[in-house]
Amino acid sequence: MTGQAEILSTHTPALFRAAVVRAADLLKSGELVALPTETVYGLAANALDPAAVAKIFAAKGRPAHNPLIVHVSSLAMARRCVREWSDTAGRLAAAFWPGPLTVVLPRSSEIPEVVTAGGPTVGVRWPGHPFIQEVIRACGFPLAAPSANASNEVSPTNAAHVDKSLGGKIRLIVDGGQSQVGIESTVVDLVASPPRVLRPGMIHEESLMAAIGKVEMRNAERGTQNEPMRSPGQLQKHYSPKAKLCVLNWKDDLDLRRQIGQLSSAIADVHILAHTNIPSGEGFGGVSVIPHDAEAFARAFYGELHRLDDLGAKAIIVESLPESAEWRGIADRLARAAAE
Ligand code: TXA
Ligand code: MG
């Protein structure tokens with residue numbers, strides 16, 4: 001798939017400006033462009049142009065019932081996307097925007113139905129990455145953008161990941177470096193009372209509560225029996241690497257090797273991602289050490305999954321994560337990557 005999309009660098013002011021112009025031109029003419037954001041790379045289209053947005057669903061193979069997040073570059077633009085801005089939205093925006101937080105509010109008539117999958121609400125985010133901010137300003141319209149990967153694959157955290165997954169299907173990928181956050185934004189439903197976290201992320205519920213008071217966590221993402229699915233993207237099987245992934249907790253090397261013996265994988269096919277009990281590498285396909293620090297772990301995690309997929313790893317064993325709030329978004333992605 002790689003090799004057909006043009007990839008533009010942005011690491012000098014001149015390159016940055018030229019890439020903004022090129023990306024905005026394509027977006028204004030209804031094309032898709034893959035852009036860096038601080039969470040993961042996004043596959044962007046003019047959110048106000050239904051035909052352009054439809055191309056996102058086609059390129060990703062995304063089910064039509066899964067709504068897209070609309071990206072803005074100002075509060076004024078965010079308010080235009082929604083029917084009614086609320087005090088709670090204002091407090092969240094003041095605390096966390098620009099940044100890795102998406103708020104779900106009733107949609108305005110300006111937002112086409114294809115963006116919201118026909119639903120009455122829209123997810124809005126003001127991303128922190130300077131490149132996408134400049135592109136939105138240059139366009140003058142908001143950008144609908146899901147993660148820039150084929151549906152159900154691991155989200156991209158650099159331009160090469162995008163190229164691997166979608167390079168054959170889009171014209172332009174802008175390389176804005178490594179995504180600083182590394183997992184997708186926290187999605188908070190502000191139509192629910194109290195507000196409800198539909199997708200955990202690096203802005204965790206304790207931070208949200210500090211800004212707005214009571215917040216509910218959503219565990220059963222598929223909705224209860226009496227309730228429709230509130231965030232259809234949150235299907236259990238998602239963000240999956242090609243390798244079989246499982247999460248284990250081990251005391252020491254011997255204990256780890258004993259547990260692997262009970263799995264069906266040959267030890268040479270197993271790659272370990274560890275943060276605390278680092279095993280000796282002997283016999284394993286590989287051992288990666290990710291810092292025992294939630295922010296650093298989130299930044300590195302998808303990149304490791306991509307790298308191990310590229311190596312052709314058959315089995316990935318990840319050391320189980322701490323249970324505290326700052327790890328919850330990562331634990332959610334890990335559980336999905338491990339789902340059969
Ligand atoms: O960090 C991010 O959010 C990245 C970057 C590119 O901004 N985008 C992203 O988009 O992760 P995507 O499409 O891969 O995931 C969007 C999630 C899905 O779980 C979707 O169901 C949910 O947000 N979502 C979007 N609009 C919604 C709405 N109106 N109501 C409930 N959930 C919504
Ligand atoms: Mg996605």
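## Packing of helix α7

In this predicted model, the buried residues of α7 are in contact (heavy atoms within 4.5 Å) with β1 (6–9), β2 (33–35), β3 (42–46), α2 (50–60), β8 (172–175) and α10 (294–311). Helix α7 spans residues 159–166, and six of its eight residues are buried, meaning under 20% relative accessible area with a 1.4 Å probe and protein chains only. These six are A159, H161, V162, D163, S165 and L166. Helices (H or I, at least four residues) and strands (E, at least two) are DSSP runs, numbered from the N terminus.

At the start of α7, a side-chain oxygen of N158 comes to within 3.0 Å of the backbone nitrogen of A160.

## Surroundings of ligand 1

The shell around ligand 1 holds 27 residues, among which T39, R62, N66, H71 and S185 come nearest; a residue belongs here if one of its heavy atoms lies within 4 Å. Oxygen atoms of ligand 1 lie 2.8 Å from a side-chain N or O atom of R62, 2.8 Å from one of N66, and 2.6 Å from a polar side-chain atom of S185. The protein covers 98% of the 680 Å² of accessible area that ligand 1 has on its own, by the Shrake-Rupley method with a 1.4 Å probe.

Two or more residues of the shell come from each of β4 (69–71), β6 (121–125) and β10 (196–199), and β6 gives the largest share, four residues.

## Basis of the values

Residues are numbered from 1 along each chain as its sequence is written, while chains are lettered from A and ligands numbered from 1 in the order in which they are written.

Key:
Predicted model: local features only at pLDDT ≥ 70, side-chain atom pairs only at ≥ 80, totals over all residues. Heavy atoms only, no water. Polar contact = N/O pair within 3.5 Å; in protein donor to acceptor, adjacent residues only side chain to side chain. Buried < 20%, exposed > 50% of the residue type's maximum accessible area, 1.4 Å probe, protein only.
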